[in-house]
Amino acid sequence: MFAASVAFAVLPVVVAVGRAINAGWTPLSDDALFPIRARDVFSYHHVPLIGLDSSVSLTTSTTLHHPGPLQFDLLAVPVKLFGGAAGTALGTGLINVAAILAIAIFTARRGGPVLGTVVMAVTAALCWTMGSESLFEPWQPLALLLPFLCFLVLAWSVSCGDVVALPVAAGVGSLVFQTHVSYALLVPVLSLWAVGGLVLRLRRDRRDDGAAWPTTWRRTVRAVTLAAAVAVLCWVQPAIDQLFGQGNFGQLLQNASPPKRTIGYGYGARIAAAVLALPPFWWRPSMNETLNPLKGWTPPSTAETVLSLTVLAAVLGACFWLAHRRRDPVMTRALGVVGVAIVAGFATAGRIPITAFGLEAHVFWWLWPLAAFGTFVVAATLLRAVARRPGASLLAAFAATVAAAVFAALAVPTMAVGSSPNGREDAIPTTRAIDRQLGRLAGRGPILVDPLLKSRLADPYGLAIIAELQRRGIPFVAKDAQLVGQLGRARQYDGHNARAELFLRVGNDPVTAPPGTPLVARHDGLDGRERREMASLQQSIVAYINDGHLHLNRRGIQALAPHGGVPPLNLTDATSLLRGGQLIDLVNHGYLDLDPGWDRRFHRYVQLAGLADIHTVELYLAALPSGGRGTAVGRSPAR
């Protein structure tokens, strides 16, 4: 049953990766940076020494990066062997599978196969909460959830005296710490707690069993030496950067104090309580809804926060008392890890900065594996207290295995977290259509790529196009400091090392390319039939509006009343309503008084207009002077 539960927990990851590769998944938006930097691991000039740019930079005067490139290193071989898209999905899936196997193995070393089945049920539930598309996505806030759950198990194992876990914890902890700064407090605090528990355990072993102490000491020395070697190997690149590069780690330390605008410990506790102590806890709806007012989420009140956290503390305290009374050091140390992690979590939550984009939900996602681990520890403590007979243990293992199977089945269907880059998978066909046309740029590099990221906020195409340029061997450079940090300092534009610049136009956005710039790639968001349908609908809707038939419903009148701060709209001017996008907003918000027939027409028009706006993409290539040289590019007239 233990082996079956492990297979069930791994199944959603395997299915998600296989489905993504088979469907031609393409990394979009920030996801596209990972195959770029993974390829750079094997390059000479572009070897990554630090991680990607951190949103913490928005609160400082310095561009800060996540501490290290270990995630790129782990993705490098799969990307080299299988390509940027398939290799990134496969590499991320392998990291998650390795984390699940380590969780199973080290939990079984602590409490046998029964606890192993329980932790696999919890792990499968976390996979279900994350959704299938998160199980192969390299975006750090999602890619670290299973590794962080693994690190919690490893910290527990080390604190119990399991020296075999030391080198594994050094590697997993380095991965988590390096890849996202939201773990900058959690990983060191848990590491200190684990090592402290190990030291206490070794002192007791030396006192209680002197005859076996020399053997124990030799095993410990070997494990510590191996852990040190793993840590040194993991941190070579950040150390090189600190000594000979931009000194990112030192800059992170200089900016370690909380920024001026943080959410504060009170609001941080309310967010933590929403995940740790209040329904729906860490179950599936929470990742999409927590901190998302569009989903109707509101933070718990102070009274709810205090009461729920008090209940949580009482449950953990009762479990600790029960484990201590039963002389069960395995679970007392697990509860200690939970307690320390929660305290460090509260400290982390209270220091989360408020950036120009407001409060971003993904910087709190470490709460989910923490809550999952706490759930497992409470369940395991109660199980070890009541399941004293072999029959009871067998029944518990069976129930946990069935639970793992159920959660695995629920996790298999496709589901993406809306705020992640994989939430824009609808843009993959358009991206692939543009990618197929980029062969026309062969021999025209180096290309300045900054304009690709200036079309509109968070469009999915710009970075994906840069990744395709790299795959095709077309060199590129950047001049924006933040983009240079993402792509590597060796790709800094110096005013002479680019022959052309590439401009991106999405939908009806204005063209930023100079007049007369030739078009080199295009994809239309609508096919011929859909364009004709949209034109017919637009013609009838224009006539309907100009004839004065368009009216607001009661909800629309209340929302757009003058005292609400929104100027009244001219509902008889079809040109202004269509050109400004106001008609689309009125339809999407449900503000119009339409009969069923016209309601269908308006919604279909809005649907087609949305497809045309999001999936119509054009690329323009403009020549740049380079050391006195100009380059003729393309023949197509500018649109």
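Analyst: Let's take the sheet, then a helix on it, then a helix pair. Keep in mind that this is a predicted model.

User: What is the strand order in the open sheet of 5 strands?

Analyst: As a general idea, strands of a sheet pair through backbone hydrogen bonds, either parallel or antiparallel. Here the order reads β2-β1-β3-β5-β4, and the pairing is mixed. β2 (476-477) and β4 (519-523) are the edge strands, each pairing on one side only. For a parallel case, look at β1 (residues 447-448) and β3 (residues 500-506), joined by 2 bridges. In that pair, I447 sits opposite A500 of β3.

User: Which strands does helix α19 touch?

Analyst: α19 (residues 462-471) packs on the sheet against β2, β3 and β5 (617-623), and its direction makes about 140° with that of β3.

User: Is α19 mostly covered or mostly open?

Analyst: Mostly covered: 9 of its 10 residues are buried, among them L463, I466 and E468. The cover includes β2, β3 and β5, along with helices such as α2 (33-40) and α18 (428-435). After α19 comes G473, with a positive phi near 75°.

User: At what angle do α6 and α16 cross?

Analyst: The axes of α6 (residues 145-159) and α16 (residues 367-386) cross at roughly 45° and come within 9 Å, so the two helices are oblique to each other. The crossing is right-handed. On the α6 side, L145, F148, L149, L152, V153 and W156 make the contact, meeting P369, L370, F373 and F376 of α16. By class, that's 10 nonpolar residues, no polar and no charged ones. For the spacing, recall that an α-helix has 3.6 residues a turn, so residues three or four places apart point the same way.

Methods
Residues are numbered from 1 along each chain as its sequence is written. This is a predicted model: local features need pLDDT of at least 70, side-chain atom pairs count only at pLDDT 80 or more; totals for chains, interfaces and linings use all residues. Side-chain values use heavy atoms; hydrogens and water are left out. Two strands pair if DSSP finds at least two bridges between them. Helices (H or I, at least four residues) and strands (E, at least two) are DSSP runs, numbered from the N terminus. Contact means heavy atoms within 4.5 Å. Axes are lines fitted to C-alpha atoms, for helices over the stretch in contact, and angles run from 0 to 180 degrees between N-to-C directions. Buried means under 20% relative accessible area, exposed over 50%, partly exposed in between (1.4 Å probe, protein chains only). Angles under 35 degrees count as roughly parallel, over 145 as roughly antiparallel, 65 to 115 as roughly perpendicular and the rest as oblique. A crossing is left-handed if the near helix is turned anticlockwise from the far one by less than a right angle, and right-handed if clockwise. Ala, Val, Leu, Ile, Met, Phe, Trp, Tyr, Cys and Pro count as nonpolar, Asp, Glu, Lys and Arg as charged, and the others, Gly among them, as polar.
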